[in-house]
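Hello,

Here is the structure we spoke about. My notes follow below it.

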Amino acid sequence: MMAHLNDLLVCLFMLAGAIFCLIASLGVFRMPDLYTRMQAAAKSSTLGVVCIILSVAIHFGDAGVTTRAMLVIVFLFLTAPVAAHMVARAGYISNVPLWHRSVADELRGQYDAATHELASGRPSAEDPRG
Amino acid sequence: MRLFLGNLLLAFVWSLMIAEFSVASLIMGFAFGFLLLWLFQPLVGGSSYFGKVRQIVRFSLFLAKEIVRANLHVAWHVITPSSFFKPGIIAVPLEPQTDFEATLLANILTLTPGSFSVDISTDRRVLYVHVMDVENAERTRWELKEQYETPLLEILRS
């Protein structure tokens with residue numbers, strides 16, 4: 001019974017991981033500009049890979065593999081968003097345009113063209129509910 | 001801190017007792033140890049530890065839920081026509097925080113639904129976030145701060 005349950009979990013996580021990776025690639029294909037594409041790629045591919053690594057950990061089930069899998073997950077959560085963020089930043093600095101239907105761009109004009117220092121503009125955080 | 005070490009020790013003893021040393025048994029031992037320490041709280045003191053563990057567990061579960069929701073959100077955006085999108089970059093003012101806290105916050109924002117951190121200003125006062133649906137910029141700003149920044153800083157400080 002326990003073995004069956006484990007197999008079931010392994011299959012479920014593997015399937016979920018594959019589906020999330022598929023969503024990520026479809027997102028990269030479908031989204032209109034670099035920034036929306038990075039949204040899809042960063043979110044879905046991270047969760048997809050995490051699901052697959054979890055299924056690996058459950059399948060082998062010994063302490064060595066599991067701790068390493070946990071480490072991989074932690075590092076993935078720490079590094080995958082940073083990579084996506086660097087791609088988007090590089091895109092913005094090299095003037096990759098936002099999609100023409102974008103409704104806001106508060107980053108415009110905040111970069112110093114020579115030093116790439118980023119000004120903080122006009123911060124305000126009032127509670128809209130008053 | 002002392003209670004945390006005690007809790008770890010209890011988890012270790014538990015794994016030795018059931019003669020199975022794996023991550024699952026350690027986690028179970030930690031949970032039982034936590035329950036035990038909580039029952040004997042008048043003896044061991046330190047109510048802040050119990051509050052903190054509860055806070056961390058609650059925030060992690062919330063994040064796990066949000067990450068899954070983010071993926072369903074992306075899937076939904078993949079199947080709907082792109083004319084429904086209203087993306088944009090908005091500036092979110094930050095509480096003063098260390099590099100570590102800002103990195104964690106930016107990563108959390110990237111993994112949660114609809115938001116994606118692009119860059120942080122050089123003076124660390126503003127995080128520029130790309131948002132999938134900007135209905136009301138002020139409201140989004142406030143929501144991001146309220147949902148993610150406040151609980152995160154509460155856990156990391158205090």
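Leaving aside its neighbours within four places in sequence, which residues is B:Pro113 in contact with? They are B:Glu66, B:Arg69, B:Ala70 and B:His73, where contact means that the C-beta atoms of two residues, placed from the backbone, lie within 7 Å.

Before the rest, some ground rules. This is a predicted model, in which local features need pLDDT of at least 70 and side-chain atom pairs count only at pLDDT 80 or more, while totals for chains, interfaces and linings use all residues. Residues are numbered from 1 along each chain as its sequence is written, and chains are lettered from A and ligands numbered from 1 in the order in which they are written.

B:Pro113 sits in the loop between H5 and S2 of chain B; helices (H or I, at least four residues) and strands (E, at least two) are DSSP runs, numbered from the N terminus. The C-alpha atoms of B:Pro113 and B:Arg69 are separated by 6.4 Å, although the two are 44 residues apart along the chain. B:Pro113 has 19 other C-beta atoms within 10 Å, so it is partly exposed. On that scale, 20 or more other C-beta atoms within 10 Å of a residue's own make it buried, 12 or fewer make it exposed, and anything in between is partly exposed, with C-beta atoms placed from the backbone.

The contact between the chains

Chain A gives 48 residues to the contact and chain B gives 42. On the chain B side, the elements that supply two or more residues are helix H4 (47-79), strand S1 (88-93), helix H5 (99-111), strand S2 (115-120), strand S3 (126-131) and helix H6 (137-156). That side consists of 23 nonpolar, eleven polar and eight charged residues. Here Ala, Val, Leu, Ile, Met, Phe, Trp, Tyr, Cys and Pro count as nonpolar, Asp, Glu, Lys and Arg as charged, and the others, Gly among them, as polar.

The axes of helix H3 (residues 63-93) of chain A and H5(B) come within 9 Å and cross at roughly 80°; axes are lines fitted to C-alpha atoms, for helices over the stretch in contact, and angles run from 0 to 180 degrees between N-to-C directions. H3(A) and H5(B) are therefore roughly perpendicular, the class for 65 to 115 degrees (under 35 is roughly parallel, over 145 roughly antiparallel, and the rest oblique). H3(A) contributes A:Phe77, A:Leu78, A:Pro81, A:Val82, A:Ala84 and A:His85, and H5(B) contributes B:Ala106, B:Asn107, B:Thr110 and B:Leu111. Seven of the residues in this helix contact are nonpolar, three are polar and none is charged.

The sheet

Four strands from the two chains make an open sheet of mixed pairing, in the order S1(A)-S1(B)-S3(B)-S2(B); strands pair if DSSP finds at least two bridges between them. S1 of chain A and S2 of chain B are at the edges with a single partner strand each, so one side of each has no neighbour in the sheet. H2(A) packs on the sheet, touching S2 and S3 of chain B, and its direction makes about 115° with that of S2(B).

Strand S1 (residues 104-105) of chain A runs parallel to S1(B), joined by two bridges. A:Ala104 is opposite B:Gly88, and A:Asp105 has B:Ile89 as its bridge partner. S1(B) also pairs with S3(B), antiparallel and over six bridges, with B:His130 as the partner of B:Ile89 in S3(B). Five of the six residues of S1(B) are buried, so the strand is largely enclosed by the rest of the structure. H6(B) lies across S1 of chain A and S1, S2 and S3 of chain B, at about 55° to S1(B).

Two loop residues

A:Asn95, in the loop between H3 and S1 of chain A, has a positive phi of about 60° although it is not a glycine. A:Asn95 is exposed, because 6 other C-beta atoms lie within 10 Å. B:Arg124, in the loop between S2 and S3 of chain B, also has a positive phi, near 60°, and is not a glycine. With 17 other C-beta atoms within 10 Å, B:Arg124 is partly exposed.

Regards
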